[in-house]
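Take a look at the model below. This report goes through its chains, how they touch, and how some of their parts are arranged.

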Amino acid sequence: MDHPRSAFGAPPQGGDPGGPAKPDPRRPLGRALSKGQLIGLAVLLAAACVLPFVVSNYRVFQLTLALVYAIALLGLNMLTGYNGQISLGHGAFYAIGAYVAAILMDKFGVPYWLTIPAAGAVCLVAGFLFGLPALRLEGLYLALATFALGVAMPQILKYKGFEHWTGGVMGIVIVKPEPPQWSGLTQDRWLYFVVLVCLVALFVIAWNLLRGRIGRAMVAIRDQPIAAQAMGVNTAMVKSLTFGVSAMYTGIAGALGAIVIQFVAPDSFTVFLSISLIVGIVVGGLASIPGAIYGALFIQFIPNVADHISKAAPWAIYGIFLLMFMYVMPTGVAGFVRIVGGRLRQARTR
Amino acid sequence: MARLLDVRALHAQYGPTKVLHGMDFGVEEGGITTILGANGAGKTTTLRAVCGMVKTQGEIAFAGTRIDGRATESIVRLGVAHVPDGRGTFVSLSVEENLRLGAHTRSDKAQIALDFERMYGYFPRLKERCRQQAGTLSGGEQQMLAVSRALMLRPRLLLLDEPSFGLAPRIVQELFEIFRVINQTDRVSMLLVEQNAAMALRLADHAYLLETGRVLMSGSAEELGRDESIRRSYLGY
Amino acid sequence: MDVLLHQILSGLATGGIYASVALALVMIYQATHLVNFAQGELAMFATYIAWSLVQAGVPYWAAFFLTVAIAFALGVVIERVLVQPVENAPILSVVIVFIALLVILNSLAGWIFTYTIKPFPSPFPSAPLFGNTYVTSHELGSIGITLAVLALVFVFFRFTPLGLAMRAAAQNPVSSRLVGIRVGWMLALGWGLAAAIGAVAGIMVAPTVFLEPNMMSGILLYAFAAALLGGIDSPGGAVLGGFIVGVLENVVGSIIGTELKLTVALVLIVGVLVIRPSGLFGKVLVTRV
């Protein structure tokens, strides 16, 4: 196969903003958070904890889903944003996580909180296994293979042979978990906090992973795969592991999503879910952890707004935003925030 | 006699790397000019600059019209043919298809057919192999093909990038003889970039000596050929 | 034996569709080293245009040729406006542009024409030829039309000056410029042709699968498999791959049931990419490190 193009192009040369986001050399991943940033995060977390008490139950439900998507997007971003492996089929791992949770709860009476790590484990293995043959596929071909995975998934889920487990076309209905007595919370608020806790934990883990040796190896493989290999990075292992971890995150999100929505069915997991995830990371910002949140808010709330116009409208908007962000703002909202933040800082120090 | 190609203050760069630093040179109508210099002096870049294949600053005028900043294909359509280094043959296409592509911009079918015959006349080996895939030809044959393709354009100016490269001396002799014939009978002006300075100076009327992107010396080919110190230091013989 | 013959012939009919879409994919790949993820949606959208024309009273064949012409124009415009700006951008950017195109075309079709499934007319009689039990007239006609289109494309590329210029531009854009070929426009023409071929495929398959915005996604997958099987840079290979995949799909489908068709395509795709990425007839290229 002829590969005249690398997945991401060369790393930035002196402030070159073109193409999707590459880590800003002025802000290396490895640096710890400044005091100001820590305070900012604490404020944000406090706000997030207060929020469910000041909005309606339905909004809480929507916000919970947004948090779920944020976890899924972080997973995809690890693979595509930081490691440069394009996946157009990550919805499949979301689906696997969701079905693992649903089947465990429905068929085996497993408590909902146990299904989350179970889904994570299954997807870690599934992702790693899919990542192995995918190792040999570059950019476009990997995109092709994952696209095929995304398109084929609903059919696999509908397969009559699995019907006993998956419920076939009708899917599985899950009982909404009851909040424990001591919390005094409503169901929706309880689930919100469950997801929030998972999100914070997963984000912290990801942040640590990405700023450490493995994170640097991932980025090195993305930007200069041959040089990385020549320098002793075990490219194959890092790439497969990244696939696995990325699938794990998205699978956990899928499980959480299933619990929140209380329902899984094959047609919820078409290739368009995978495309939504791509939209999320592009709009939010590739290779960016906060980008996962921006992107999640986008893909959660745009359909709510645009659905009124037409069933097709949200997708038209997604498409237009994808183009806009690709041509105009390749670093996504996170990049935009970074640039604005940088200018504000500059203005203050003058 | 007005210059066919007139280049002033030419700068050229590949990305951030500057390669040519303010060159002045030209080709007379009907003349053969050669640009000589060591490896890395910028000879190939000079030809590419004329063709609009690299980013340039400065003035390039062809037959009185400015061509700097124009797209390669529109410069070619004005009558400038370039035989690049590496020959640039369409390796998966046949010899005949390569020649036909040379005449892509022309519509005079009868003349094109005649030109085919002419090329086969200059290079009988091409006729033998006309249906063969161009990539399977030997180095010398590919060079002949590359030159013929350029000539199929019926250019006013022919740019040649190291036509002797990798060829046996006898073939180089034949090739340069054909250049002379083309120049004299078809009035094709030529800008020849060469490392084989001896052969180049015998063919050309005028010569420039290039060193790291600057014109070091210019003069008639005879003068440069005769000058002992230049010959020894720069031309290696 | 009867059943097998019927399946093979039926498979050839769908194979012709796959071959056409695969050829469109390969044409764009050869020129740009890019896989057009939106190829299916382009074909689907063109088919809707044909449908609208027929609904408006335009006779079938007039609508057919008009649609092909419109699809051609659409392909050219898309290349010049959307694809050309990202010509030299990293792969991810280009993939995202294609996905955006896919999504926009799909949603536009849903918006304008709604998601209700629509029947699409076939120009061929509903009675099978000579009353045979092996192949419907539409299947036969479909094979005929796709073969005719493929033959026309072959003749165009092999024997016309423009076809030669397009081949040259795809293989060696730098040298093409040196003979005066406007490479950018050759790419646009390539896209136009690919869109036109896709339109024919869509129009031929719509009577069988019924017209709805998602009708081409499975077909696109099979076309990918066919193109990869034949060799992503070999047009002849893509065509052969298409027919092979079509027959394979039918024969395998009769053995393991039709519910896992897409999975079969997925397995084929991953299999070819891992075992023999250059396919049956593609070139194995070694990149210099």
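## What counts as a contact

Two residues are in contact if their C-beta atoms, placed from the backbone, lie within 7 Å. Keep in mind that this is a predicted model.

By that test, 14 residues of chain C touch 18 residues of chain B. On the chain C side, two helices give two or more residues each: α6 (161–171) and α7 (173–178). Helix α6(C) gives the most, with five residues. What is the makeup of the side of chain C that touches chain B? Its residues divide into seven nonpolar, four polar and three charged.

Chains A and B are another matter. No contact joins chain A to chain B. The closest C-alpha atoms of these two chains lie 10 Å apart.

## Chain C as a whole

How many helices and strands does chain C have? It has 11 helices and zero strands. Read along the sequence, the pattern of chain C is α-α-α-α-α-α-α-α-α-α-α.

Chain C has a radius of gyration of 19 Å. The globule rule gives 19 Å for 289 residues, so chain C is as compact as a globular protein of that length. Along the principal axes, the C-alpha atoms of chain C fill a box of roughly 60 × 45 × 35 Å.

## Two helices that cross in chain C

Now zoom in on one pair of helices. Helix α9 of chain C covers residues 217–230, and helix α10 of chain C covers residues 235–256. Their axes come within 7 Å and cross at roughly 125 degrees. Angles over 145 degrees count as roughly antiparallel, 65 to 115 as roughly perpendicular, and those under 35 as roughly parallel, with the rest oblique. Therefore α9(C) and α10(C) are oblique to each other. Their crossing is right-handed.

Which residues make this contact? From α9(C) come C:Tyr222, C:Ala223, C:Ala225, C:Ala226, C:Ala227, C:Leu229 and C:Gly230. Those from α10(C) include C:Gly237, C:Ala238, C:Leu240, C:Gly241 and C:Gly242. C:Ile244, C:Val245 and C:Glu249 of α10(C) also take part. By class, the contact of α9(C) with α10(C) has 10 nonpolar, four polar and one charged residues.

## Two domains in chain B

The domain assignment gives chain B two entries: domain 1 (3–79 + 155–235) and domain 2 (90–153). How far apart do the C-alpha centres of domain 1 and domain 2 of chain B lie? They lie 23 Å apart.

The two domains of chain B also touch. Here 11 residues of domain 1 are in contact with nine residues of domain 2. On the domain 1 side, helix α7 (residues 169–185) of chain B gives the largest share, four residues. The residues on that side of domain 1 divide into nine nonpolar, one polar and one charged.

Notes:
Residues numbered from 1 in each chain as written. Chains lettered and ligands numbered in written order. Predicted model: local features only at pLDDT ≥ 70, side-chain atom pairs only at ≥ 80, totals over all residues. Axes fitted to C-alpha atoms, helices over the stretch in contact; angles between N-to-C directions. Left-handed = near helix turned anticlockwise from the far one by under 90°. Nonpolar A, V, L, I, M, F, W, Y, C, P; charged D, E, K, R; others polar. Domains from an automatic or database assignment. Rg over C-alpha atoms; globule rule 2.2 N^0.38 Å.
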